Amino acid sequence: LRFYVDSANVDDVSTLLTDHLVHGVTTNPTILERSNRTVHDIPALYARWESEGAEEIFFQTWGSTTDEMLQNAEGIRALGERAVVKVPATRAGFAAASTLVAAGTRVLVTAVYSQGQALAAATLGVRYIAPYLGRLKDAGRDGIAEITAMQALVAGTGTDVLAASLRTPHDIVELAANGVPFFTAAPSVILAALQTDVSDASAAEFDAAVQRGLSDRQE
Ligand code: E4P
């Protein structure tokens, strides 16, 4: 089981990485845009997150043809051994993924919305597929059931589900209970998974007991 953080907000990502709470960082072009970054910032972001301990760092290739995707993927692959190339689950993307895998590149096929796509990605030998739970639900579909079925399809193939578009800790727990191993979510969702008010209240009580004990000793 692993958590990844789905963000390009360097402050939010830093705190999760340096506290060793996530295994790595996932991004895509819209995530970069949301943090006022562009694909030109990819090398600096990679260097920063590598130095902060990210084990895997995901950037998405871009382009409307397979050739363009392969050309842009080369820049991502060359960043270093922690780089994982994300490729969208389109006709051109599947062709790019196939070539990348054959060349030994670690690939994640993203925006997976059907079991056929999940199966196709696994036949190519990609490392991860990323189905989008929240967006499946937005479309009125049973995202939990569909992603659970994808997990069953790829189990034992060497391709793993890295679930995305997770909007609450409960989304993560439900998928994990159904065998999904890897999760990427916004910093706020990761932090919400760690925190409950009752745990904080218990911790405050423990601390108060320590302080009372210390002040009793001093008297
Ligand atoms: C992953 O690559 C996507 O950015 C992400 O998980 C989408 O989340 P959203 O549907 O909440 O925007």
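Predicted model: local features only at pLDDT ≥ 70, side-chain atom pairs only at ≥ 80, totals over all residues.
Is His20 buried or exposed? With 9 other C-beta atoms within 10 Å, His20 is exposed, because a residue counts as exposed at 12 or fewer.

- Val13, Leu16 and Leu17 are the buried residues to look for in α1.
- These residues lie on the same side of α1, because they cover an arc of only 100° around the axis.
- The buried residues of α1 pack against several elements: β1 (2–6), β2, α3 and α10 (187–194).

- Follow the chain past the helix and you reach His20, in the loop between α1 (10–18) and β2 (24–26).
- Just after α1, His20 takes a positive phi of about 60°, and this residue is not a glycine.
- As background, most residues other than glycine have a negative phi.

**Asn36, in another loop**

- Asn36 sits in the loop between α2 (29–34) and α3 (42–51).
- Although Asn36 is not a glycine, its phi is positive, at about 55°.
- Is Asn36 buried or exposed? Asn36 counts as exposed, because it has 9 C-beta neighbours inside 10 Å and the cut-off for exposed is 12 or fewer.

Definitions and conventions: Residues numbered from 1 in each chain as written. Helix = DSSP H or I, 4+ residues; strand = E, 2+ residues; numbered from the N terminus. Buried ≥ 20, exposed ≤ 12 C-beta atoms within 10 Å, placed from the backbone. Arc of directions from axis to C-beta. Contact = placed C-beta atoms within 7 Å.
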